[in-house]
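Here are my notes on the model you sent, written as numbered points. Please keep the structure open while you read.

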Amino acid sequence: MTITLKEAMQIGGLKECRVAAGRAGLEKEITYVTIMEVPDIVRWLKGNELLLTSMYPIKDDLRAQERLIAELHERGTAALAIKPNRFIQDIPPVLLEEADRLGFPVLEIPEHISYLDILSPVMNRIFDRKAVLQEDIEAAYHLLNEISLSRSGVRHFMDVLRSLTKHEIAIESLVPFLDDVLDPSPFQPLTQRQIKEIEHLQRPVRLTRYSADGVEVSCITAPVLIDGMLYGVISSWDQEFDHLETDLAVFERAAAILSLEFMRRKVKYEVEFQYKREFLRKLLEGSETDPVELREQAAVYNIRPERGYVCCAIHFGRPGEESGYSGYMAQFENVLRSVEPEAVLGTMHQTLYLLYPAAGRKRDRMKTDLQMLIREFGRLVQAEPYAGVSREADTDITALKGVCEEARLALSISRSLELSGENYVHYDELGIFRLLVNVVPAEELNAFYQETIGILAAYDEQHQLDLVRSLEAYFEQNESMSAAAESLYIHVNTLKYRLQRVSSLTGQSIQTSEGKLNLQVGLKIGYFMHQAHRNR
């Protein structure tokens, strides 16, 4: 049997000990308490020990003191309790720094506490714990297997599990299709680090969770997995009684049974999503022209044109079939639900389409929400996202086809110029690119930039003359020399000289319509290339 270090510190002499470093490791489990009597103690350790020491064996060996924490951590030792004052005055700072870095607990034993004050109470608690009886586990397995989730429901399953373990139980879903049968979680959401840890271990683990009001709670958390991916968890906690080994075995079996219910609902969800995706395809491609029928079908999927949707088209920077996204759709929608519950998600032609309700929402909030969603979707797929966003649609249901095309066009610019990341391209930013994007290859766009603005940028880098910024200001001020010079805080004659250098270097005259057009197009390409550089 084991107890955690945090639990042990409520027993005997450990109650008066101070955590000097490595507080992050207080949930480590202890199976034995031993005393460091020889310098090479590490070679005899098996793991999960609480090691007591006065540092006497290595009190004069600074190198051994520096290596001690790393060696104990590598060996799997649970914690080190040091009693200073007799052979060392203070715990060496280098030892504490290493302990904090590794999350390895170091305790300071007060002078009046003896080793026996710690060793006996802790070992007694470990041995007094209830033995793990195979018949208890088998009886619990049999009862859990007898419960039909489809007949009795998840709530009854929770009641039986609570009765078996005598602890508080919460079932939490990371996907949306069990919301109708689960109570709100009493905990704050799992962090990404915790999710990755649970997925990696694929067994019940001890976690420190936080209640909705921020109170720290020590839990046993068992993963509900489908194909190795975390879909939910069973969490158990108790303020009065510890969890037994039997509890861990019961939670593991319960999670396996519950995964069948998740799978059943996942299949139903995916079938419904296929219908939804097919409707979105008709809606966004405009293949269904009857607005009355469109509105009726849209209402089934909670699509309401009066919400003034903007469309966000997202493509992930890796090859794959459109069906490759299907495994992530439940997670996508779970993220979407936490950010904007009224948004709608679908896929078409290897692209993710998000309809975000913009009516009545400030532009800054919409930008923040979309960036968060793009970032989280990319994290789930583990690929760089490219995104384009449309203008807001009017309340005509058929207008959604237009915003879909705008988002698709903005996305094509994002992909052509490699603007990956959360900073999407908005349709309003495209300007002349609305015309160029579908007819000019990316290589040609880059070559055109190098022949115009690229020459100026290289000259600026060498001579610090700000030709590019001067040209931008000139066009921003509608070709007014005085206004542009004032915005740059330079004399008009200085600006005239710079613009002459622009013409001589590029061969594009700002006195001709064609020259001005070429320079403005070059600046626009440069803007997007600069955005791409910032996102890398």
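**Notes on pockets, a helix and salt bridges**

1. By class, the lining of the second largest pocket is made up of eleven nonpolar, eight polar and eleven charged residues; here Ala, Val, Leu, Ile, Met, Phe, Trp, Tyr, Cys and Pro count as nonpolar, Asp, Glu, Lys and Arg as charged, and the others, Gly among them, as polar. The model is a predicted one, in which local features need pLDDT of at least 70 and side-chain atom pairs count only at pLDDT 80 or more, while totals for chains, interfaces and linings use all residues. Residues are numbered from 1 along each chain as its sequence is written, and side-chain values use heavy atoms, with hydrogens and water left out.

2. The second largest pocket holds about 870 Å³ of space. A pocket is found on a 1 Å grid over the protein atoms alone, as an open set of points where a 1.4 Å probe fits, with protein on both sides within 12 Å along at least five of seven lines, and lining residues have an atom within 4 Å of a point; grid points are joined across faces, edges and corners, and a volume is the space filled by probe spheres set on the points. Of its 30 lining residues, Ala24, Glu27, Glu197, Arg206 and Leu207 lie nearest the centre. Helix 8, strand 9 (205-210) and strand 10 (216-226) each give two or more residues to this lining, and strand 9 supplies the largest share, six residues. Helices (H or I, at least four residues) and strands (E, at least two) are DSSP runs, numbered from the N terminus.

3. The largest pocket has a volume of about 1,000 Å³ and is lined by 31 residues, among which Leu174, Gln192, Ile195, Asn334 and Val335 lie nearest its centre. Its lining has 16 nonpolar, seven polar and eight charged residues, and at least three residues come from each of domain 2 and domain 3 (286-430). Helix 11 gives the largest share of this lining, six residues.

4. Helix 11 (residues 329-339) is mostly covered, since nine of its eleven residues are buried, where buried means under 20% relative accessible area, exposed over 50% and partly exposed in between (1.4 Å probe, protein chains only). Asn334 and Val335 are among these buried residues.

5. Glu197 forms a salt bridge with Arg193, their closest N and O atoms being 3.7 Å apart; a salt bridge is a side-chain nitrogen of Lys or Arg within 4 Å of a carboxyl oxygen of Asp or Glu. Both residues lie in helix 8, four residues apart, about one turn of the helix. Glu197 counts as partly exposed at 28% relative accessibility, whereas Arg193, at 57%, counts as exposed.

6. Arg361 and Glu340 also meet in a salt bridge (3.1 Å, N to O). Arg361 lies in the loop between strand 14 (351-357) and helix 12, and Glu340 in the loop between helix 11 and strand 13 (344-348), so the pair ties together parts that are 21 residues apart in sequence. Glu340 is buried, with a relative accessible area of 2%, and Arg361 is partly exposed at 23%. Both belong to a network of salt bridges that links Arg307, Glu340, Glu342, Arg361, Arg365 and Asp369.

Methods. Domains from an automatic or database assignment.
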